[in-house]
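Subject: Structure handover

Hello,

Here is the structure for you to look over. Please open it first, then read the notes below.

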Amino acid sequence: SAPSSDGGSPITNYILEKRLQGATRWTKVTKQNIPAETTQFVAEDLMEGSEYEFRVIACNKVGSSEPSAPSRMIVAKNPFGTLI
């Protein structure tokens, strides 16, 4: 959900980051910033069966927020199911 405070300047976009279970480094999910109106996003190029956690950074004309708390671990699954 969208944050309840914007620090006095409207949020213009978000940065979504991912981290593979056991890794120490966070990486951007996409090269493009995510529009402020977006509250859902499909992460691509994940390794099926691997576990990831995600966090969000809100941006406005003043700068970028601190990252959100990480999500729970999420297992990457094939969106189309198992191929036979």
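First, the ground rules. This is a predicted model, so local features need pLDDT of at least 70, side-chain atom pairs count only at pLDDT 80 or more, and totals for chains, interfaces and linings use all residues. Residues are numbered from 1 along each chain as its sequence is written, and side-chain values use heavy atoms, with hydrogens and water left out.

**Overall fold**

The chain has six strands and zero helices. Both are DSSP runs, numbered from the N terminus: helices are H or I with at least four residues, strands are E with at least two. Along the sequence the pattern reads β-β-β-β-β-β.

The chain has 84 residues, and 29% of them count as buried. Buried means under 20% relative accessible area, exposed means over 50%, and partly exposed is in between (1.4 Å probe, protein chains only). The accessible surface of the chain is about 6,400 Å². Carbon and sulfur atoms hold 52% of that surface. Areas come from the Shrake-Rupley method with a 1.4 Å probe; for residues, only the protein chains shown count as cover.

Take the contacts between residues at least 6 apart in sequence: 51% of them join residues at least 24 apart. A contact means heavy atoms within 4.5 Å.

**Salt bridges**

How many salt bridges does a search of the whole structure find? It finds two. The test is a side-chain nitrogen of Lys or Arg within 4 Å of a carboxyl oxygen of Asp or Glu.

One joins the side chains of Arg-55 and Glu-17, at 2.6 Å from N to O. Arg-55 is in strand 4 (residues 51-60) and Glu-17 is in strand 1 (residues 13-20), so this pair ties together parts 38 residues apart in sequence. Both Arg-55 and Glu-17 are buried.

Glu-53 and Arg-19 form a salt bridge too, with their closest N and O atoms 2.5 Å apart. Glu-53 sits in strand 4 and Arg-19 in strand 1, so the pair ties together parts 34 residues apart in sequence. Glu-53 is buried, at a relative accessible area of 11%.

**The largest pocket**

The volume of the largest pocket is about 820 Å³. Its lining has 33 residues, and the closest to the centre are Leu-16, Gln-40, Phe-41, Val-42 and Phe-54. Strand 1, strand 4 and strand 6 (74-75) are the elements that give two or more residues to this lining. Strand 4 gives the most, with five residues.

On method: the search uses a 1 Å grid over the protein atoms alone, and a pocket is an open set of points with protein on both sides within 12 Å along at least five of seven lines. A cavity is a set of points where a 1.4 Å probe fits but cannot get out, and lining residues have an atom within 4 Å of a point. Points are joined across faces, edges and corners, and the volume is the space filled by probe spheres set on them.

**Single residues to look at**

- Trp-26 lies in the loop between strand 1 and strand 2. Trp-26 is buried, with a relative accessible area of 15%. Beyond its neighbours within four places in sequence, its contacts include Glu-17, Arg-19, Glu-53 and Arg-55. Trp-26 and Phe-54 are 28 residues apart in sequence but 8.7 Å apart in space, C-alpha to C-alpha.
- Thr-30 is in the loop between strand 2 (27-28) and strand 3 (34-35). Thr-30 is buried at 17% relative accessible area. Its side chain makes a 2.8 Å polar contact with that of Gln-32. A polar contact is a pair of N or O atoms within 3.5 Å; within protein, one must be able to donate a hydrogen and the other to accept it, and residues adjacent in sequence count only if both atoms are side-chain atoms.
- Asn-33 is also in the loop between strand 2 and strand 3. Asn-33 is partly exposed, at 45% relative accessibility.
- Asp-45 lies in the loop between strand 3 and strand 4. Asp-45 is not a glycine, yet has a positive phi of about 60°. Asp-45 is exposed, at 73% relative accessibility.

Best wishes
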